[in-house]
Amino acid sequence: MAGDLQAKYSKLAQEYSKLRAQNQVLKKAVVDEQASSTALKDQVKQREQSLRKAEQEMDSLSFRNQQLTRRVELLQEELSASEARVGGRRTKGKGDSPSQQGQTQIVFDEDLQKKIEENERLHIQFYEAGEQHQRQLSQLEALVEELQQERERVEAQLEGLRARCALGEDRLAQETARLELKAHTLEREARECRARAEECQQQLSGCQVELSRQVQENSSVIQEKVPFNDTQYHHFNSLNVPPHNRRHQLKARDVAGQAVLLVKDLVAALLNFHSYTEQRLHIHPLDSSIQPISPLNQRFSQYLHENAAYVRPLEDGLLQLHHSITEDTVTVLETVVKLKEFADHFSSYTHFLQKILPYQLKSLQEECEASLCPPALSSKNQDLQRDLTRVTAIFLKLQSYITLLALPSQREQALPQSSCSAAFTQLAAALHSLHDALQELSQHYSQKASLEEGLPSVSQKLRTTSECLLSSLSSLTITSSKVATFFSNNLDFFTASPGYGPRGGACTLSPLQAESMLGNKRRAAAYMLTIRKPRPESVPYREALSNRHILTSSTESREGLTQQVHQGQEKIARLEQEKEHWLLEAQLGRVRLEKENQRISELQAQLCSALGGPAPGPPGPPGPGCQEEEEQEEKGAGREATLSTSLVGMLTTTPINDEVGDEASREQLIKSHYMVRVSELTSQLQLSDSKTVHLHAECRALAKRLAIAEKTREVLAEEVRLANQNITRLQDELSTIKRSYEEQLSMMSDHLCSMNETLSKQREEIDTLKLGNKGSTKKNKGR
């Protein structure tokens, strides 16, 4: 439990470190985005400053343009005034000379031309500055929109990461609380364990003191009483009783039980494989219901029909081996006698595989030689031939190792311990090789079945048989994998020394020593049970005498009643026999009466014909003479009945006249009656046998169908379980995604509201700037 808690703590620490690293990355990304946003804001401020500077320059240029305009107007006014003065002077006096007037006019013209050029240059600069301002403003607006989109994306990612971090923190908080609770529980258990450890330590110290005292006493006794140590000599030590390892016995029984279950599944898979192979022979390449199959396949089918006689004993042999391993026995290779029987059964099954292998190969070759067999199917049949040969070879290898392991139980010291370990290791490797070979066989047969489904001549019966055969091969592969894994997992137990043997010696345990050890153990247990049995309470003498009289009288009365019961049973049996005898005699009497009546009617007819009288009619009531004859006949019959002693009514009197014929007819009637009864019983027996055979065939078919249905049910149950798990997982994911989407939608709606407000403010500022720029442009144009 402490290891699980430490593993969970380490797992939580790893998750926390991952989340912390992700949080650091997110913080860094947020800081970078904030830095980029600050830089962009600085750029916007710089652009705004340059814009204001350009506006100020434009204002100064407009102001200067106004000044120049005013100056030009003043100069024009001065020029007009000077011209007026010049004209007045000309009228008043001689005036200035023409050369001076020309020079003055030239100066004024040059000055005016310079002012006009400067004004044009200023107008051009103002127009270029306005265009550049508009271009920069559009660029800044596009940049602002792009930055806003980037900011929205980053904020959405940030919100998602914050939600994930919050979920992770909640989960970690819950896990931490659970682990803290578990830690408290473990601390309490640790305190209890420490308290128990202290108690055990105290008990251990007491036991050590007691053991040291016993060791001293036993040492003194050994030194004083034991003349020599018999464990130092091998021939003396072999006579000592070996110890009994109960833990090894429990482990051996558990391992044998697991092996029985696995071999049971393996036997079922082998039976299905051989049975479906036999069924396939009667369907492909020739259908036995339409035309007879080849003699080779007929012989192969006969051999396959006998598979149960070789496969079933494997399970029975291992089951007997499991029953022979009990808690009170010694289980080593030298004492497991039932392993030899299992090895013999396995050897017989291996011989069966060797016997049917040539027929399997020839049958596959016949399929290849068929006219409708494509080349791809022929190549798969060749692969199956190689796989079947390999599987048979691996079974031979397994047989040799199992026979080798069964030798020590038949002959002492037939296999040393090192060889036993090597045999178990090689057996495990052979089991893994068997799994690989069966897996390849299943794959190749699956490919062959898929190729056969594409053929036009394949019937539905063959498809069903191929599916059943594939399922049996799949179960055989799975079971062989389980057997190989089980053997590999318990290889240390098989190869380890069981610890049986005389003390102080390295010799192995013989069956005689094991039997001696078990006999001594049983005698010791019986002795301990005897000395621990409480003594019965004593009975007073008078009460004992009265009990004895009562017991004697009850015993006598019981004997008398038993004798009466026996006499009553004998009398009942005798009366039953007499009843059967008289019933048969009554039946015979009725037959004789009918014959006598017929004979009387015949005699009357003869008498009438002899006397010449009319023919007699139907027999009427007898006359007095007839009555006398009947009375005499009845007396004779009664006399004969008194002389009869057999159950079948055979007479012991001497036959006289017509009685010989009656006795022969009576025996013939009895014989015919019993012959009819025998024929009826024979027909009933044949009907019962046919019904039994039919019922047995139906039971076998139903058992196979039930096994297939059970496998299908297990597969469907597994599919339903997986589907339920997928549904549960998808529902959990759907709820998680729905919750995260709802949270993201709420956060996005808030963010969109804030961004809409920001965008509206920015639009207002841009509109204000545009209006101001348009107003200044109109003023400049007006000037």
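Y303 is buried, with a relative accessible area of 14%; buried here means under 20% relative accessible area, exposed over 50% and partly exposed in between, using a 1.4 Å probe and protein chains only. The model is a predicted one, in which local features need pLDDT of at least 70 and side-chain atom pairs count only at pLDDT 80 or more, while totals for chains, interfaces and linings use all residues. Residues are numbered from 1 along each chain as its sequence is written, and side-chain values use heavy atoms, with hydrogens and water left out.

The protein contains 15 helices and zero strands, where helices (H or I, at least four residues) and strands (E, at least two) are DSSP runs numbered from the N terminus. Of its 783 residues, 24% are buried. Among contacts (heavy atoms within 4.5 Å) with a separation of 6 or more, 83% are between residues 24 or more positions apart.

A search of the whole structure finds 11 aromatic pairs. Rings of Phe, Tyr and Trp (its six-membered ring) pair if their centres lie within 6.5 Å, and planes under 30 degrees apart count as stacked, over 60 as edge-to-face and the rest as tilted. The ring centres of Y303 and Y359 are 5.2 Å apart and their planes stand at 70 degrees, so this pair is edge-to-face. Y303 belongs to helix α5 (residues 295-305) and Y359 to helix α7 (residues 338-369), so the pair links distant parts of the chain, 56 residues apart. By contrast, F493 and F494 make a tilted pair, at 5.8 Å centre to centre and 55 degrees between the planes. Y303 also has K355 over its face, at 4.6 Å from the ring centre; for this, NZ of Lys or CZ of Arg must be within 6 Å of the ring centre and within 35 degrees of the ring normal. Elsewhere, ring pairs join Y310, F342, F346, Y349, F352 and F395 into a cluster.

Helix packing comes next. Helix α6 (residues 308-324) packs with α7 at an angle of about 165 degrees, and their axes are 8 Å apart. Axes are lines fitted to C-alpha atoms, for helices over the stretch in contact, and angles run from 0 to 180 degrees between N-to-C directions. That makes α6 roughly antiparallel to α7; angles under 35 degrees count as roughly parallel, over 145 as roughly antiparallel, 65 to 115 as roughly perpendicular and the rest as oblique. The crossing of these two helices, α6 and α7, is left-handed, meaning that the near helix is turned anticlockwise from the far one by less than a right angle, with clockwise giving right-handed. Residues making the contact include Y310, V311 and L314 of α6 and F342, F346, Y349 and F352 of α7.

Helix α4 (residues 246-281) holds H274, a residue that counts as buried at 2% relative accessibility. Leaving aside residues up to four places away in sequence, H274 touches L304, N307, V311, Y349, F352, L353 and I356. α4 and α7 pack at about 35 degrees with axes 13 Å apart, in a left-handed crossing. H274 and L270 are among the α4 residues in this contact, and L353 and I356 among those of α7. With helix α10 (residues 460-489), α4 packs at about 155 degrees, the axes being 9 Å apart; α4 and α10 are therefore roughly antiparallel, and their crossing is left-handed.
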